[in-house]
Amino acid sequence: MITSNKHDNICSKMLEHASLSKIRCKHCACLAIGCKIITYGINNDRTKWNHELYCCSHSEIQCLYNWWNRQIKGNTNRYRIKEIKKKLKRMTLYIIRKSRDPNLNQVFTNSMPCHLCLSKIKSMNIKKIIFS
């Protein structure tokens, strides 16, 4: 697998954030434009997001909601929402999972989004997803 310096820098910052998670599987997600990280999200034990019930808060959902709520700020005008979704087209969603075993040579393990998260990502109009 070929990685660039940009991806390495983003992933190293995400590893620091993933270690803040209090759940056994430490995931971190971020939205980025180019090499600039816009917002982070880590998985936690919160179960309710926007009137939807989950077993836990997945990092990608938390990341998207963090960014979305900052953009909306009480203005739910449909033209504003359309404008915000256009911005998401240009962004890349990175998702990593930090390895639990310190003896392994690899730092990352599989972090493919679940079906619920993938459907939410598609509905938010994100075109590029990179996961470990």
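Axes here are lines fitted to C-alpha atoms, for helices over the stretch in contact, and angles run from 0 to 180 degrees between N-to-C directions. With that in hand, the axes of α2 and α4 cross at roughly 25° and come within 9 Å of each other. Keep in mind that this is a predicted model.

**α2 with α4**
- At roughly 25°, the pair falls under the 35 degrees cut-off, so α2 and α4 count as roughly parallel to each other.
- Their crossing is left-handed.
- On the α2 side, the contact is made by E60, I61, L64 and Y65, and α4 brings C117, K120 and I121.
- Sorted by class, that contact of α2 with α4 has five nonpolar residues, two charged ones and no polar ones.

**α2 with α3**
- Helix α2 covers residues 59-72 and helix α3 covers residues 78-89.
- These two pack at an angle of about 140°, and their axes are 11 Å apart.
- An angle has to be over 145 to count as roughly antiparallel, so α2 and α3 end up oblique to each other.
- The crossing of α2 past α3 is right-handed.
- From α2, the residues W67, W68, Q71 and I72 meet R80, I81, I84, K85, K87 and L88 of α3.
- The contact of α2 with α3 splits into six nonpolar, three charged and one polar residue.

**The second largest pocket**
- There's about 170 Å³ of space in the second largest pocket.
- Twelve residues line this pocket, and those nearest its centre are H27, N43, H58, E60 and M112.
- Its lining is made up of six nonpolar, five polar and one charged residue.

**A backbone detail at N125**
- N125 isn't a glycine, yet its phi is positive, at about 75°.
- You'll find N125 in the loop that runs between α4 (115-123) and β7 (128-131).

Note on methods
Residues numbered from 1 in each chain as written. Predicted model: local features only at pLDDT ≥ 70, side-chain atom pairs only at ≥ 80, totals over all residues. Heavy atoms only, no water. 1 Å grid on protein atoms, 1.4 Å probe; cavity = no way out; pocket = protein on both sides within 12 Å on 5 of 7 lines; lining within 4 Å. Points joined across faces, edges and corners; volume = space filled by probe spheres on them. Nonpolar A, V, L, I, M, F, W, Y, C, P; charged D, E, K, R; others polar. Helix = DSSP H or I, 4+ residues; strand = E, 2+ residues; numbered from the N terminus. Parallel < 35°, antiparallel > 145°, perpendicular 65-115°, else oblique. Left-handed = near helix turned anticlockwise from the far one by under 90°. Contact = heavy atoms within 4.5 Å.
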